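Welcome, and take a moment to look around before reading on.

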Amino acid sequence: MNLPRLLPPDSSEAELQAFDTTCERLAGFADEINFESIDGFLTALAAGPSLPEPEDWLPAMCGDAFERAFADPEDQAQALRSLQARLQVLRRQLEPEVLLDRPEEMRLLPLMAEYTDEDRQRAVEEVGLKADEAALLQTGVLWAQGFLDGVEAFPEIWVEPTDAIDAEDFGMLVDQVAALALTPGSDEAREHAALYWPEQEPTREDLLAEAFFSVQDLRVYWVDHAPRPATRHVLPAPGRNDPCPCGSGKKYKKCHGAPGTAP
């Protein structure tokens with residue numbers, strides 16, 4: 001039975017406006033920050049097996065730019081809410097149960113600027129970019145770089161598999177996202193196409209779709225492969241007449257078990 005398509009949750013106009021305002025303020029304090037890279041970074045957080053706390057992912061995402069851009073506590077709280085609102089939307093888009101039930105549906109709706117051949121030509125004629133520089137203006141490049149930054153920022157969360165088959169599958173999924181950041185026509189881009197697209201040259205739309213589905217597959221992957229927390233072994237407390245575990249040779253009640261003695 002074919003399931004009816006469900007529209008994925010998306011940010012409201014008000015949420016997008018607040019998110020864009022926050023990104024613009026941040027970009028004023030760090031040139032490498034933009035709405036695409038931030039959305040990519042947040043997508044990596046949403047796709048991972050566990051979600052770090054804001055005090056961990058904020059500096060990893062934008063260094064000290066957040067504190068400098070939003071010195072006022074009220075502004076800071078509002079900016080954080082806009083980022084968290086976008087993160088929650090991405091988490092809902094990547095809900096594992098829905099992805100498992102509907103593996104053929106595109107649920108992820110990233111935020112990114114779309115570049116066309118006309119845009120690249122204008123960049124040469126009006127902005128003065130060289131042709132090879134304008135060729136780098138490709139849809140999804142900044143978003144993919146942000147996503148990869150989010151993965152690299154938390155190696156303790158994005159733990160690479162030790163099993164050979166799992167490692168190959170995991171690497172393939174990450175490769176599909178990384179492909180968006182490759183320079184068209186470069187040796188790396190040609191190698192990627194030869195490996196994953198042996199029968200046809202992928203279009204930009206092909207690469208984007210494959211990257212988005214790979215992010216969804218990564219979210220599902222972590223359902224069964226999330227890192228397990230270290231097991232904590234708690235030794236039972238010794239009896240009062242047992243030897244003290246400190247090795248003194250005394251009974252526990254006359255050593256570390258004596259009243260007023262730290263255990």
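## The nonpolar core

The largest nonpolar core of this predicted model holds 51 residues, and Trp-57 and Phe-147 have the most contacts inside it. Such a core is a set of buried Ala, Val, Leu, Ile, Met, Phe, Trp, Tyr and Cys residues joined through side-chain atoms within 4.5 Å. At least two core residues come from each of helix 1 (13-27), helix 2 (35-47), helix 3 (54-62), helix 4 (65-69), helix 5 (73-93), helix 9 (141-153), helix 10 (164-178) and helix 12 (204-225). The biggest share, eight residues, is from helix 12. In soluble globular proteins, nonpolar side chains tend to be buried together.

Buried means under 20% relative accessible area, exposed over 50%, and partly exposed in between, with a 1.4 Å probe and protein chains only. Helices (H or I, at least four residues) and strands (E, at least two) are DSSP runs numbered from the N terminus.

## Helix 3 and Trp-57

Helix 3 has Pro-54, Trp-57, Leu-58, Met-61 and Cys-62 as its buried residues. Seen down the helix axis, they fall within an arc of 105° (taken from the directions from the axis to the C-beta atoms), so they line one face of helix 3. These buried residues pack against helix 1, helix 2, helix 4 and helix 5. Just past the end of helix 3, Gly-63 has a positive phi of about 60°.

Which residues does Trp-57 touch, leaving aside those up to four places away in sequence? They are Phe-41, Leu-42, Leu-45, Pro-52, Leu-80, Leu-83, Gln-84, Leu-87 and Phe-154, where contact means heavy atoms within 4.5 Å.

## The cysteines

The disulfide count is zero, with a disulfide taken as a pair of cysteine sulfur atoms within 2.5 Å.

## How confident is the model?

The mean pLDDT (the predictor's confidence in each residue, from 0 to 100) is 87, and 86% of the residues reach 70 or more. Over residues 1-6 pLDDT stays under 50, and the model has ten contacts for them beyond four places in sequence. Residues 230-234 also stay under 50, with zero such contacts.

Residues are numbered from 1 along each chain as its sequence is written, and side-chain values use heavy atoms, leaving out hydrogens and water. As this is a predicted model, local features need pLDDT of at least 70 and side-chain atom pairs count only at pLDDT 80 or more, while totals for chains, interfaces and linings use all residues.
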